[in-house]
Structures are given as structure tokens and as C-alpha cells.
Amino acid sequence: MKRYIGFKSVNLVLRMCLVISVPANGATMPPALIPLPQSVVMKDGTFTLDKDTRIIYYRDGTGGARETAELAAQTLRPATGYPLPVVSSRAADDADNAITFGLVRDGKIFKSDGYALRVSSRGAAVRASTSAGLFYGLQTLRQLLPPEIFSGKKVNRPIWRMPCVDIFDYPRFTWRGMHLDVGRHFMPPEFIKKYIDIIAMHKMNSVHWHLTEDQGWRIEIKKYPKLTQIGAWRDQTLVGHKKDRPAKFDGTRYGGFYTQSEIREIVEYARRRHVNIVPEIEMPGHCQAAIAAYPELGNTDKHLSVYTTWGVNPNVFNVDETTIRFLQNVLTEVMDLFPGKFIHIGGDEVPKTQWKNSPRAQARMKELGLHNESELQSYFIGRMDKFLTSKGRRLVGWDEILEGGLAPGATVMSWRGEKGGIAAAKSGHDVVMAPSSYTYFDHYQSKDPDEPLAIGGFLPLEKVYSYEPVPAVLTEQEATHVLGAQGQLWTEYIKTPDQLEYMAFPRACALAEVVWTSPNKKEWHGFLDRLETHLKRLDAMDVNYRKVAK
Ligand code: TNX
């Protein structure tokens, strides 16, 4: 990549000579691509983007090629300042000085959202059989240019060129996810878009948006306005670590929520970047904010306010028919906002004490012929599963939903290690791997005492990179149920977008390669080398990543 440096003052004539004199031995340094593509063949020469370069799309049957061409122009214009007009053409293959995006009909040559990217000295061409494939081709193409191309502002650089190369690429998994908890700390809509941009640039395709918590309900629900009028605001917040004694609070009211129109805008923003948003509405635990808003959803007469500290909370929803209906009404509005197939209903960390002590819950268990509270939880999740399935959606839940029997349509997110995921895959259920030991980015990333306060744990970059989402104990058939993996960002101790970026990156860059690249091509030291250039891209995007010591 050093070849890009030192060209600042060359004139056009010299520039032509240099282009011609690029080494003809085929030994050009491979570009620093993250995630690493399945196949990269370097060729001689370069293609130079200039003020006359056009962006061409063709075979626009589904609209996908045009949309990607327009996104390409949008992402390449700010840094270069070039006009990069977007045009349609039937003869795109013959175009000179152009970047072309073409949808091809033969799906078989491109595995699941794969793409081919060919750069010659005359131009760059991306071919795919899905619009997502074209989008991933665009992400690779951006990474072939100098890192400053990722800047949102004009960069003072006389030459923008990329090496000639043939790339053939496709993802390993279909669920390449990052999670974001906005319940503990609210993150503004503008930041959610930035987060989506960074994730999409890593060819990840799923954001799990954890929208409700004990400490705050963050999604406007028209039918139940108090969820945000009351549930989105807490009186104060714990200061320092939960284990600190005496416990201190900041005395400052805190909160925020997303309106439905903000959510629609974010969902559309994500869609254009081939990111599916999986909304999570937590039930029957982690719901104190909702009970504070509508006390009839709880199990006791005690008045509850929105929770101001962290940890597993005894206050859970009751299992009355009215509560089930309330939550299904909430899910109806959620489904209207989020068109994706998967709806996450939480299901984790549900203490059973209140159900044990509640005459109503006990009567309900008896009436339903259930033997214990785990079966009651399973019944509750089962009702949600039936409801979501009847609307053509699929339920996802944390691995506790296995307890008391797994609902027929459920997909399991395995966070307490891989046990839950293995059990689910063996019984024919889909699984997303999210084990805390490899994918909890709220854990410390070094032993440096100056690391900002975090929840605990220790998850260095290399450990994330080493993760293998398919457990060896699964047969080939069972392994097909592993949809992929996901990085978690719980925000008890993450108060701002800046700090969130610090915790997320570059660990998410490592995870991107885990879920995209074939395991036999992954190599830690190669990744670290490529990361050096990649971090300059994140610099250009103003991402406050954690610096990496080599
Ligand atoms: C456990 S993981 C939780 C979250 C916490 C997280 C902190 C999971 C499904 N539940 O409520 O924020 O640990 O690491």
C-alpha cells in the first residue's frame, strides 16, 4: 500500500509513466482487505479514478444494480470531489474509465450473495446475481482505493487508483451480526446510522437492536404511549461499577427513545446497505421500565420506577392473558416497523421468584397443567412463537428459551457458551452463536489498568479472531443450523457513541472475518498486517477504535 504515498506533487506526464511502470512481475502487494475475500489474484497495472470516471449499471431487472451504482457514487464522491455520474448502459462491458455494476442471471456461479470484481487498467467491474452481492463488491472496491476514500470530506490527494485484480468472493455465514443495547444507554439516531455504515463496510448484514430494558423502553408504541412517556426515563443512574460500595448515583434524570418515524428512516437506511435490523423486545424479564409504565403487567402491588442500577432483576411480566395480548399488540407495531423475518423476544435471565409467590401465576400453571415455572416460561415463549409464526415471522430468543422446552419455530441465540446452541442445532433449530467468552465486546480488551471502566471479563482481539462458530461436535447436517455469529455490545458501562466505538472496534473487524472468510484462509498475523491499513479507513470515518499494539 506504500505505493500510494509520495505522489502528492507529480504532474500528469509523470503520472502516466508511473502507471505504466508498475511492476510487471505479478508480485504486487495484495491489498489490505477485511474481511479477506475467498480468492484474490493480483495482476499488473492499476486503474485510476479521475474526474471523467463514470459509474455504470446494467441489467437492472430488480433495481439492485442501479441502487448499488448510486451508493457507489455517494460513497466515492465526497473524498475525491469527482462528479462520478451514474448512467445506465447495455454495453457496459466495453466502457472505458468506468466502474460498472451488473446483475448477472446465472446465480450458480455466485454462491449466496457472492460477487466477482475485476479491475483492469480501463476500469472496474462488479458482477453478482443479487443486489447484496453487488453491494459487497462495492465494499471491496472501496478498500482497493487509498484509505482516505472513506472520508466524508474532500481529501487533498492528486491521484486515486486501485491495483488491477481479480476477486471472487462470497460469505461463509448468512447471519453476520452486531448487537447494540440502547436500553441501558440511549444512542442517538445519527449514531445508529454511523454504526450501520461501519458494519456494512465490513460486509456484516445484521444489527440486533436491543430496544427495551429494565432501565429504559426506547421504542415508541402508539397504542401504549406510557411505555415511552414513563418507561423511557429514569430518575438517575448508578455511578462506577455495580460492585463498588457504597453504591453511588448521579442524581440526573436520563432517557430517550426513537419515534416510529425515526425507526422507519433507520430501517430504510439499513436496508439500502443490506443490513437487516432484528428488533428485540425483552420478555418476560428485563422489563421493569414497561412495568413502571403499566403496573398491571407485573406480579406485585409494589410501585416500580424505571430501574437505576444494573444486573438481573426480579421484576418480570405476569403471564395473564391480558399481558400476553398487550405484548402481542406491541409486537404488531414492531412488525409493522421492521420488515425482516426475525423478531427477538429476549427470554434471558428470568428469575422465577415472583411467579412462585404469585397466586395468579400458580393458578395459571395449574389451569394449563404445567409442572413448574420453567414450563410456564416455555408456555409464554410458545405463545409468542405461535403469534409471530402466524404473521410469517420467526422468533429468536436467548438460550434460556430452551428451558422447559423449546418453542417449535424458535431460533436460539447462544450466549452462555455454546451448549444452548449445540442442543438447539441437534434438535433441528437454527442457531446464532453469541458466546460471551468470544463475542461480548462489553468485556475488557486488555489488562491495561487505564482501560475505561467495563463490566468485567477479558476478551482481547486475538481471541475474537480465533473464534470458530461451528462446534466440532455437530454433524455436517446439524452444522447447517448454525446461521452465523454475532458480537454483543451491552451498554451498562458504555455511555456514549465514542466509548461504544472504542469497545466495538477493531474487535468487530475480527468478527467480520470470522463470519465471512473460510476458516482455512484465516490467519492471525496476516489479519494484523491488513488491520494496520484498515484502521486508517476507520480514521477516515472518524471511528474512535481502540489502538492496536503490534
Ligand atoms: C447478560 S447476555 C445479559 C445482559 C447484560 C450482559 C452483560 C444476556 C442475554 N443478558 O442483560 O447486559 O450479561 O454482559
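Here are some questions and answers about the predicted model shown above.

Me: Before we start, which pLDDT do local features need here?
Reply: Residues are numbered from 1 along each chain as its sequence is written, and side-chain values use heavy atoms, with hydrogens and water left out. This is a predicted model, where totals for chains, interfaces and linings use all residues, side-chain atom pairs count only at pLDDT 80 or more, and local features need pLDDT of at least 70.

Me: What is the mean pLDDT of the protein?
Reply: pLDDT is the predictor's confidence in each residue, from 0 to 100. Over residues 1–27 the pLDDT is below 50, and where pLDDT is low, the predicted coordinates should not be read in detail. Still, 93% of the residues reach 70 or more, and the mean is 93.

Me: How many helices and strands does the protein have?
Reply: Both are DSSP runs numbered from the N terminus: helices are H or I with at least four residues, strands are E with at least two. The count comes to 18 helices and 21 strands.

Me: What is the radius of gyration of the protein?
Reply: That radius is taken over C-alpha atoms, and the globule rule is 2.2 Å times the number of residues to the power 0.38. For 550 residues the rule gives 24 Å, and the protein is close to that, so it is as compact as a globular protein of that length; its own value is 25 Å.

Me: Is Thr 174 buried or exposed?
Reply: Thr 174 sits in the loop between β7 (160–169) and β8 (175–181). Buried means under 20% relative accessible area, exposed over 50%, and partly exposed in between (1.4 Å probe, protein chains only). Thr 174 has 54% relative accessibility, so it counts as exposed.

Me: Which residues is Thr 174 in contact with, leaving aside neighbours within four places in sequence?
Reply: Contact means heavy atoms within 4.5 Å. The C-alpha atom of Thr 174 is 6.2 Å from that of Gly 484, 310 residues apart along the chain. As for contacts, the residues are Asn 205 and Leu 483.

Me: Is Lys 203 buried or exposed?
Reply: Lys 203 lies in the loop between α4 (189–201) and β9 (206–210). Its phi is near 60°, a positive value in a residue other than glycine. With a relative accessible area of 1%, Lys 203 is buried.

Me: What is omega for the cis peptide bond between Met 283 and Pro 284?
Reply: Most peptide bonds are trans. Pro 284 is in the loop between β16 (276–283) and α7 (288–293). The bond joining Met 283 and Pro 284 is cis, with omega about -10°.
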